Amino acid sequence: MGSMALLRSSACFIFLLSSSLGAANGMYRRAGGEADEEGASRSVTDGARGARRAWPGYLYTRAVGRCTPQFWSSGAEQWPNIVPQEAAVWKVFGSRSIDKYGPRLTLLEATMRTDDIGGSPFTKLVKHGSAALINAYTRKGFPFDSWEVKALLLEALVSEDAAAAQAERFEQANESCV
């Protein structure tokens with residue numbers, strides 16, 4: 001009886017191993033960008049703005065969650081009417097933000113920024129603060145209310161340390177949201 005159980009568990013292990021290797025092989029093949037039947041190369045994309053015949057990015061996806069700045073900038077979901085994409089950051093967050101972000105930066109541009117890594121903490125603050133504001137309006141159970149996001153962003157403009165700390169809090173809230 002013991003050898004039969006060992007045989008079954010070995011067979012299950014081999015089946016699962018071969019299934020996972022086949023799935024992984026398929027993912028790498030897709031992400032590698034091999035040509036299809038007509039000779040056109042398939043590209044890896046985030047799925048939101050990709051080419052008509054593009055494969056979704058299995059190994060890396062730009063829009064990682066439903067609440068991140070990347071998600072909101074991808075166009076995957078409609079923005080709430082109360083904060084349109086083309087609204088200026090200073091009009092949404094208040095005139096105190098115009099000194100740091102200027103009169104032309106829009107909410108969409110703020111969520112699309114890529115210079116927040118290794119750059120100014122104020123850049124990261126406006127990027128994640130904009131996403132947090134949208135989440136406050138659209139995601140039930142988001143840890144901040146819209147008025148809190150606005151007030152916390154303005155309070156964090158006093159120094160780089162305050163901006164970095166608040167940007168980190170917004171980022172954590174955005175990434176843990178569902």
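**Fold summary and salt bridges of the predicted chain**

Of the 178 residues that make up the chain, 34% count as buried in this model, which is a predicted one. The chain contains 8 helices and 2 strands, and from the N terminus on these elements follow the order α-β-β-α-α-α-α-α-α-α. Among contacts between residues at least 6 apart in sequence, 52% join residues at least 24 apart. The chain exposes about 10,800 Å², of which carbon and sulfur atoms supply 56%.

Side chains of opposite charge can pair when their charged atoms come close, and a search of the whole structure finds 5 salt bridges. Two of the pairings involve Lys124, whose side chain meets that of Glu168 at 3.3 Å, N to O; because Lys124 lies in helix H6 (residues 121-138) and Glu168 in helix H8 (residues 160-176), this pair ties together parts that are 44 residues apart in sequence. Lys124 also meets the side chain of Glu171 in a salt bridge, at 2.8 Å, N to O, and this pair likewise links distant parts of the chain, with Glu171 in helix H8 and Lys124 in helix H6, 47 residues apart. Both Glu171 and Lys124 are buried, whereas Glu168 is partly exposed, with a relative accessible area of 33%.

Elsewhere, Arg113 forms a salt bridge with Asp115, the closest N and O atoms being 3.1 Å apart; Arg113 counts as partly exposed at 22% relative accessibility, and Asp115 is also partly exposed, at 38%. Arg66, Glu77 and Arg139 are linked in a network of salt bridges.

Note on methods: Residues numbered from 1 in each chain as written. Predicted model: local features only at pLDDT ≥ 70, side-chain atom pairs only at ≥ 80, totals over all residues. Heavy atoms only, no water. Helix = DSSP H or I, 4+ residues; strand = E, 2+ residues; numbered from the N terminus. Buried < 20%, exposed > 50% of the residue type's maximum accessible area, 1.4 Å probe, protein only. Contact = heavy atoms within 4.5 Å. Areas by Shrake-Rupley, 256 points an atom, 1.4 Å probe, with all protein chains shown as cover. Salt bridge = Lys/Arg side-chain N within 4 Å of Asp/Glu carboxyl O.
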